[in-house]
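User: I would like to go through this structure and ask, for each label that is used, what value stands behind it. Please set each value against its definition before concluding.

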Number of protein chains: 2
Amino acid sequence: MPDLPALRPGMIIGILGGGQLGRMLAMAAAELGLSCHVYCPDPKSPAFAVAAARTIAPYDDESALAAFAGAVDLVTFEFENIPVGTVRFLEGRVAVLPGSGALEPAQDRLAEKQLISGLGIPVAPFAEVSRQADIYSALARTGRPAILKTRRMGYDGKGQALIRAGDDPVAAWRAIGEVPAVLEGHIAFEREISVILARGRDGATAAFDVTENVHEAGILARSSVPAEVSAETAAEAVSIAARIAEAVGHVGVLAVEMFVATIGGRPKLIVNEIAPRVHNSGHWTGDAAVASQFEQHIRAIAGWPLGDAGRHSDAVMINLIGQAVDNWPALLAEPGTRVHLYGKSETLPGRKMGHYTRIRPRSRA
Amino acid sequence: MPDLPALRPGMIIGILGGGQLGRMLAMAAAELGLSCHVYCPDPKSPAFAVAAARTIAPYDDESALAAFAGAVDLVTFEFENIPVGTVRFLEGRVAVLPGSGALEPAQDRLAEKQLISGLGIPVAPFAEVSRQADIYSALARTGRPAILKTRRMGYDGKGQALIRAGDDPVAAWRAIGEVPAVLEGHIAFEREISVILARGRDGATAAFDVTENVHEAGILARSSVPAEVSAETAAEAVSIAARIAEAVGHVGVLAVEMFVATIGGRPKLIVNEIAPRVHNSGHWTGDAAVASQFEQHIRAIAGWPLGDAGRHSDAVMINLIGQAVDNWPALLAEPGTRVHLYGKSETLPGRKMGHYTRIRPRSRA
């Protein structure tokens, strides 16, 4: 970004998307003296409550987008499912970081897998499924069990169907809505980890300690640091994330989810998916690292030096999904626990309503 | 507060005052799922940028205050110089915590000293100065050097004049504007400390580790934890703060500044002043304690359990006053440092523009 001057305190960051990630980004920006303008179609967006300005408009409203572009100094997004057309429209008027080049592969599971495997980084066996008839040849490539996933708009386990031995693959095709998809082979993994990496405009990177994750029903349930992996595996995981970030010219925080599998008696890392943004598995950083992932993202896009990703405490972050949030009074009374509630007006099954982090004295690197 | 139900997430806290303390309170409330409505006469108030709603109106605008009272579930304040009439007006319409009973003594240095000494807690020798002629008898009580301080509206060293041996005391009286004052004798102290204590609606208290402070030109320059005091002295300091909080029925965070003097070979604590609110010397808690002072204040007034005041790291907090804030790029690049900028539009001499905290692994309790 040689032409783009670094932001100065007092400037305004535009955030596309008004969920809890936008909310936490806006607070991190405010801590650094920047102010935020949140753009989101949903009038109940939780990020509005901590933003200096808001635009409530659809993502294809060009006059609202043009006004937004004129009102901010830089744009970022909280979520990779912002239409790429929205980002391209804004890019003609104001700097957007990360840019559409980093956003596009993350919107398409097939493009994402091709990108990563093209870098020589292991991914699960996969095959394109564009029409019903493709499923059989795809299954021949991946074996069973396999998961059929929509190419677009997938998150928190949405748009996925499992095909076990004996299952009718056409039922899976119907379950995901008969839309372009990718079939992924099953990996017998031992654990799931993620790397939360920030990459600055100058290409500098800083990763938080590798996080170990547990999913339930396709949704992240808990993340812990330190992860139960060797220093060597952790270093390899960070190196994989940095290679991906560099390949797409990413600026900001990038999350890379990986499986740790034992193959031939040795641990092997297989990339599951990437998110070109702050990530649920990095929420512990706000409670147990010097700089949070939200601060890192703001620093990176602002053209500022990346913060200190060092960890001062061990941490276990647990999501409050749906009615689990009703347990907030007991959690508030728990020593060593930091509670975060997202200010969402309606509790729905599967909806992320908040999280809490148990922090403990640091055990080891 | 037996009649006042505890707040629930989604409810609205009204904050009187829109400076950096209101800003940090609003973010702490948002982290806990509460939303904030900031009331401040200054249209450039930095707290507005992180609040869900704002009222820009004078503190004596009864129609604006009535509308504010109707729009929020509970009111608090960020600053003790909110007119007590404003708080009383609101108390007729909505719960205000801490209430006017805790606010009033903190608005009058004479009442404050009488309150504290009335509890048997040591303060510096003091005497009332209501008219010019009082100065001589007052000096006879306090000795020289002494500091003449206005009874009202003093903070950050404002409204103070030093009277040394040989100085004309009338010059000091003129310097403070010939208004009701209190003369304070000099204490030959070894160090300055403060206790940041939260007291819940139920009377439960939780104190952060005692903080050691350095003032320059009457303004807090730096705060460090742990303070260089014995465990016994620290416990006594916390006990003094708790007695004061209980005496005024305080709910929320209360800061008590004290001198540590050596008298008869033993350390003795002398209370300098109190602030019925979150305090600059507690800013480190946001970076090095489990719960921050801002979170503690919100929990206390909400009727929720107090948070964990435990400290995970050692910390030195340094204020960015006036032009010192221009050093922000170097501070952002410093490992182990968390930078906080307040989003104030104008840099003025003596104005608190931000602070930074250097955090290090915890050395000792």
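**Labels and the values behind them**

User: Why is Phe126(B) called buried?

Analyst: Phe126(B) has 22 other C-beta atoms within 10 Å, and a residue counts as buried if 20 or more other C-beta atoms lie within 10 Å of its own, as exposed if 12 or fewer do, and as partly exposed in between, with C-beta atoms placed from the backbone; Phe126(B) is therefore buried. This is a predicted model, in which local features need pLDDT of at least 70 and side-chain atom pairs count only at pLDDT 80 or more, while totals for chains, interfaces and linings use all residues. Residues are numbered from 1 along each chain as its sequence is written, and chains are lettered from A and ligands numbered from 1 in the order in which they are written.

User: Where is Phe126(B) found, and which residues is Phe126(B) in contact with, leaving aside its neighbours within four places in sequence?

Analyst: Phe126(B) is found in strand β5 (residues 126-129) of chain B, where helices (H or I, at least four residues) and strands (E, at least two) are DSSP runs numbered from the N terminus. Two residues are in contact if their C-beta atoms, placed from the backbone, lie within 7 Å, and on that basis Phe126(B) is in contact with Lys113(B), Thr142(B), Val182(B), Leu183(B), Glu184(B) and Gly185(B), once neighbours within four places in sequence are left aside.

User: What makes Glu178(A) exposed, and what makes Ala217(A) count as exposed?

Analyst: Glu178(A) has 12 other C-beta atoms within 10 Å and is therefore exposed, and Ala217(A), with 9 C-beta neighbours inside 10 Å, counts as exposed too. Glu178(A) lies in the loop between α7 (169-175) and β8 (181-185) of chain A, and its phi is near 55 degrees, a positive value in a residue other than glycine. Ala217(A) has its place in the loop between β11 (211-216) and β12 of chain A, and phi of Ala217(A) is likewise positive, near 55 degrees.

User: How do you know how α1(A) is placed relative to α10(A)?

Analyst: α1(A) and helix α10 (residues 293-302) of chain A pack at an angle of about 65 degrees, with their axes 8 Å apart; axes are lines fitted to C-alpha atoms, for helices over the stretch in contact, and angles run from 0 to 180 degrees between N-to-C directions. Angles under 35 degrees count as roughly parallel, over 145 as roughly antiparallel, 65 to 115 as roughly perpendicular and the rest as oblique, so α1(A) is roughly perpendicular to α10(A). In this contact, Met24(A), Leu25(A), Ala28(A) and Ala29(A) of α1(A) meet Phe294(A), Glu295(A), His297(A) and Ile298(A) of α10(A).

User: What makes α3(A) roughly parallel or roughly antiparallel to α4(A)?

Analyst: Helix α3 (residues 84-91) of chain A packs against helix α4 (residues 100-107) of chain A at an angle of about 175 degrees, with the axes 10 Å apart, and α3(A) is therefore roughly antiparallel to α4(A). Here Val84(A), Val87(A), Arg88(A) and Glu91(A) in α3(A) meet Ser100(A), Leu103(A), Glu104(A) and Gln107(A) in α4(A).

User: How many residues of chain A are in contact with chain B, and how do they divide by class?

Analyst: 32 residues of chain A are in contact with 32 residues of chain B. The side of chain A that touches chain B divides into 18 nonpolar, 10 polar and 4 charged residues, where Ala, Val, Leu, Ile, Met, Phe, Trp, Tyr, Cys and Pro count as nonpolar, Asp, Glu, Lys and Arg as charged, and the others, Gly among them, as polar.
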